Amino acid sequence: MPIQEIHLVSHTHTDFGFTDYPDTLLRHHNRIIDRAIDICEAESGREDRARFRWTCEVAAITANWFRTASTAQKDRFLRLHREGLMAAGGMAVHWTPLISPANAARSMRMVDFLRRECELDVRVAWQCDVNGLGWHWLDLLIDMGMDGFVLAPNPHRGMPFDTQQRVFNWQAPSGRSLFALHGWHYSVGAWGFFLGDDDMEKTQAAIDRMLANLEKRGGYELDTILCQVTNPAAIDNGFPTNISAFVERWNAEGRTPVLRLSTLDQALSAVKAKATNAPTWRGDWPDYWVDGVGSTSYETALARSAERHLPALELIGALRGKEAPLMASATDRLQFYDEHTWGAFCSVIQPDSPFTRSQLSWKTGRAYEGFALTQEALADEARSLARERTGQAIENDLPIRRGQPGPTPIEEQSYYVLNPTGVARRVRWPVTWDYGGAAPQTILHAYLSDEYLPGMKVDKQGFASSATHIIDVELPAFGEAVVKPVAVEPPGEPGEGWIGCGGWRLEVDPKTGAIASLARDGRELVGGQPLGLLIYESLRHPEKSRASIFGESGDWQYDWSRLETIAWPRTAPEFVRRPAETVAIGETRRTLFGPEIDVHLAWSDGDKVVVTYRLPDDGAVEMRIAVNKVAVEAPESMHVLFGRGSGEAGFRFDVGDHVITPGEDQIPESCRAWYALQGFAGLETAEGALVVASPDAPLVQPGGIHTDHATDPQERDPVLAFWLLNNHWDVNFAAAQGGRRLFYRFRLDFPEALDELGARAFAESAMTAPVIVRAYDAAPVAASPVLSIDDAAVIGRLRRAEKGEGLVLTLVNPTAEARCVSVGLRDADIAGAERISAVEELLGTAGEISDGNLSCRVPPGATQVYRLALG
C-alpha cells in the first residue's frame with residue numbers, strides 16, 4: 001500500500017558519551033530541551049501538521065532537566081506537553097542486555113518520577129541505536145501501562161536495514177502483548193531524507209526512492225509511517241532542527257506523501273490505529289551490539305558481580321524494614337554501565353586522546369563505582385542484619401589490631417550466612433582472616449577471598465585464610481543460619497597432568513591446554529568436541545582493518561544517505577583462529593575445595609594465560625582463566641570453547657528470568673550468533689547435556705565461533721563458544737585491552753539431560769555469592785528460610801515497599817504451565833496482598849490469605865508483582 005502520510009518525530013539521539021563527556025552532556029541536554037521549548041512556542045502559529053513538536057528521547061535526560069529547571073521553564077514545558085507539543089520517551093536510557101531483571105524494574109522509577117512528580121503522560125517505550133530488548137522487559141512495560149514499544153536499530157554491524165519498518169504485537173512469555181514498531185534508524189530523516197537541508201527536490205527524490213524500495217520489499221502494509229528527525233550535523237546529542245516552515249511549504253505545494261510533525265506518542269498512535277491486522281511475534285529480541293561489552297571485559301565482570309548483589313540487598317532491606325541508603329546510588333552507576341554508549345566516536349582512530357580517554361574512563365568508572373558502592377552497602381546492611389539476628393558483636397565491632405589474632409581463632413568463631421537466592425544450595429566458603437576494623441572496612445571479610453573474585457584475597461603473612469577449616473552449610477532457598485567452621489581434609493588427589501576427586505578424573509591435553517579426558521565413574525565425557533579450548537582470533541589480513549568486519553570492501557563504504565543499500569555482513573571477514581602456541585602443564589595441588597592443576601598458555605604475540613582446573617567434591621568442574629594481555633589495537637578476540645557429544649545439539653539460554661531456544665524463541669531477524677546471558681548456557685546431544693555458568697563472561701555463541709556471520713550462522717556444532725574479550729568495533733568501544741588479571745570463571749555440569757530447573761539452580765549457586773558475616777561468639781542457629789515459596793520452579797524476589805508500608809514480592813513463572821503458589825514469611829504473617837506494577841501502582845487484587853500465607857496463581861510465563869501488608 002502506498003504511503004500517504006509520514007509522521008516526523010523530532011528529537012536527538014541520546015548517547016551518554018560518544019560526542020562529548022557524559023556529565024557535560026547532562027548540561028548540554030538541558031540546553032537542548034530549552035531550545036526545543038523556544039522553537040515550539042515560536043512555531044505555534046503554523047497549521048497543525050507543521051507545528052514544531054519535540055520528544056525527549058530518554059527519561060534520564062528529561063528527569064535531569066526537571067530537577068534543574070526553573071519553575072517558569074517547567075511551566076512552559078508542561079503547557080506545551082498538555083498541548084501535545086512536548087513529550088518524553090518511556091525508558092530511562094538505551095539498554096544493553098547486561099541489565100538484570102531486578103535492575104530493569106528499578107530503572108522504571110525514573111519514568112514514575114516523570115509521571116508523578118513532573119506530571120508527564122509517558123506512554124511509549126523507546127530504544128534507539130540498539131538492536132533489541134530483553135524479553136523480561138515486556139511484562140514490566142505492560143504493567144507500567146505502556147501503549148507500545150518503538151525500536152530504531154542501527155544497521156552498522158546490526159540489524160539489516162531492509163528488515164526495518166515492521167509492526168507487530170510483541171508477545172511476552174506470559175502471553176500478553178505490546179504493540180511494537182521496528183522502525184527505521186533515527187538518522188533517516190536527517191541523512192536519508194535530507195530534512196534540514198531545505199531542498200524540496202532533494203527530499204522528494206529521496207523519499208520517493210526509499211518508499212519505492214520499501215513497497216518493493218513488502219512486509220509493511222500501512223499507509224502511515226513514522227520517521228525520526230535529528231540534527232543533520234549532529235544526529236547524536238544535537239540541537240533541534242526546525243523544519244516547520246519546510247513541512248508547511250511541502251504540504252502547501254501538494255507534495256506527497258503528506259508530512260506531519262508529531263510527538264512519538266502521536267506518531268505511534270497513528271501507526272497503531274492502522275495496524276489492525278498486525279501479526280503476533282513471540283520471543284526474545286537479542287541485540288547484535290551486545291558483543292561490544294567484551295571490549296571492557298574486566299569492568300563487565302565487576303559490574304556483573306555487583307548487579308547480582310542487588311536482589312540480596314533488596315532481601316536484606318525487606319528483613320530489616322528499610323532499604324540501604326546507598327542502594328539508589330549503586331543501581332544508578334550500574335545502570336549507566338548497562339547503558340549502550342561505550343566511549344567516544346574517535347575511540348579507535350584516536351584512542352589516546354584526552355577526549356577518548358576521559359569518556360572511556362567515565363564509562364568504566366560506572367562499573368568501579370557500582371562495584372564499590374554495592375560492596376559498601378552490602379557490608380553495612382549485612383553486618384547490621386547479622387548484629388540484629390545474633391545480638392552479638394560482629395566483624396569490625398571489636399578493637400582488633402591488624403595482623404594480630406582476634407579474641408578467638410578464626411576456626412572457632414561463628415558466622416552468619418544468608419542464601420539470597422531462591423534455590424537451595426550448599427555453601428562452601430573459606431574462613432578468612434579477622435580484619436577486625438582494619439582496611440578494607442567497607443567490604444565483608446568473607447569477600448576478601450579468591451572464591452569471591454580473583455585478586456580479592458589479601459595474600460600476605462599474617463592475613464591467611466584457615467588452612468584447615470571451611471564454612472560448610474546446606475541452606476534452603478532464602479535461608480539463613482549461624483554456623484561454626486568445620487575441619488576438612490583436602491579431597492581428591494593430584495597426579496602428573498591430571499587430577500581426580502569423588503569418582504571424577506580430569507586430564508589436560510599437553511598440546512592445547514584443554515581438557516583431554518574427563519571421566520565420571522569411568523565413563524568418558526569428552527568426545528569429538530573441545531572442552532576448555534582457548535582460541536585467539538585475528539584478521540587474516542590486518543591491513544583491511546575493522547572496515548572488513550563491518551562489511552566494507554573495495555570501493556564500497558557505508559552510505560548513511562542510502563541506508564537501504566546496507567546489509568551487514570556484505571562480505572564475510574576472514575579470521576585466523578589459533579590455539580596457544582606454547583603449552584606447559586604446571587603444578588597440581590590439593591586444596592580444601594578440591595584438587596587443582598595449572599596450565600600455562602602463550603601466544604607468539606606475547607599473550608599469556610594461566611588456566612586453573614579444579615574438581616570440587618560436589619561433582620562439577622571449575623575453570624579459572626587469568627589473562628595477561630598485550631594491548632593490541634588491531635581487531636582481535638579471545639574465545640573459550642565448551643562442547644559435548646556429536647551430531648545435532650539443542651541449546652537453551654537463560655536470558656533473564658526466562659530460558660530461550662536460540663534461533664526459535666526470538667524475534668525474526670534478531671541476532672542469532674551471540675547472546676548475553678543472565679544465567680546458564682546449556683546444550684544437549686544424544687550423549688548427554690552440558691551446562692555452563694560464568695559469573696564474569698556473559699557473551700556466548702551457540703554452535704561455535706560466529707564472529708564473521710551473525711545473521712544466520714549455518715554451523716551448529718554441539719559447542720558453546722564464550723567470548724572472553726574483543727575490540728572489533730570501529731567506534732564507540734575500547735580500542736585495546738591490556739594488562740594483568742583479566743579474569744574469567746566458569747563452572748561446568750554434565751547432567752544426563754538438560755533440566756532447566758536444575759540448570760538454573762546450578763547457575764545461581766555458581767554466580768551469586770552467599771552473604772557471610774563473622775559473628776564471633778554467637779550461638780549456632782539451624783538453617784531456616786526467611787521467605788518460603790512452595791514451588792521451586794517459581795523465581796522470587798523480595799524488597800521493602802518504596803511507597804508506604806509493607807513488602808514487595810516479585811514472582812516469575814518461567815514455565816509453560818500455570819503455577820499455584822503459596823508464599824509465607826518466617827517472621828511475620830501476611831495480612832493482605834494486592835497486584836501492583838514495578839513502581840507500586842495498583843493493578844488489582846491478588847490471591848487469598850490463609851494462616852498468614854499468600855496463595856496465588858501465576859500464569860504461564862508471567863511476571864507478577866505484589867504488595868504485601870504484614871500482620
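I take two strands as paired if DSSP finds at least two bridges between them. The model is predicted.

I began with strands S21 and S27. S21 covers residues 531–539 and S27 covers residues 636–643. They pair in the antiparallel sense, over 7 bridges. I then looked up one bridge. Isoleucine 535 has histidine 639 in S27 as its bridge partner.

Next I traced the sheet around this pair. It is open and has 6 strands. I read the order as S22-S21-S27-S34-S33-S30, with antiparallel pairing. Which strands are at the edge? I found S22 (575–578) and S30 (675–676) there, each pairing on one side only.

**Four-strand sheet**

I went on to an open sheet of 4 strands. Its order is S38-S41-S45-S44, and the pairing is antiparallel. S38 (787–789) and S44 (848–850) stand at the edges. Each has a single partner strand, so one side of each lacks a neighbour in the sheet. I noted an average twist of 25° from one strand to the next.

I checked the pairing of S44 with S45. S45 spans residues 853–858. The two strands pair in the antiparallel sense over 3 bridges. Here isoleucine 849 stands opposite leucine 854 in S45.

**Helices H2 and H3**

I turned to H2 (residues 59–68) and H3 (residues 71–82). Their axes come within 8 Å and cross at roughly 135°. That makes H2 oblique to H3. Which residues make the contact? From H2 I listed Thr62, Trp65 and Phe66. From H3 I listed Gln73, Lys74, Phe77 and Leu78. By class, I have 4 nonpolar, 2 polar and 1 charged residues in the contact of H2 with H3.

**Helices H12 and H14**

My last entry is on H12 (residues 310–320) and H14 (residues 354–390). They pack at an angle of about 35°, with their axes 10 Å apart.

H12 brings Leu313, Ile316, Leu319 and Arg320. On H14 they meet Thr374, Ala377, Leu378, Glu381, Ala382, Ser384, Leu385, Glu388 and Arg389. I sorted the residues of this contact of H12 with H14 into 7 nonpolar, 2 polar and 4 charged.

Key. Residues numbered from 1 in each chain as written. Predicted model: local features only at pLDDT ≥ 70, side-chain atom pairs only at ≥ 80, totals over all residues. Heavy atoms only, no water. Axes fitted to C-alpha atoms, helices over the stretch in contact; angles between N-to-C directions. Contact = heavy atoms within 4.5 Å. Nonpolar A, V, L, I, M, F, W, Y, C, P; charged D, E, K, R; others polar. Parallel < 35°, antiparallel > 145°, perpendicular 65-115°, else oblique.
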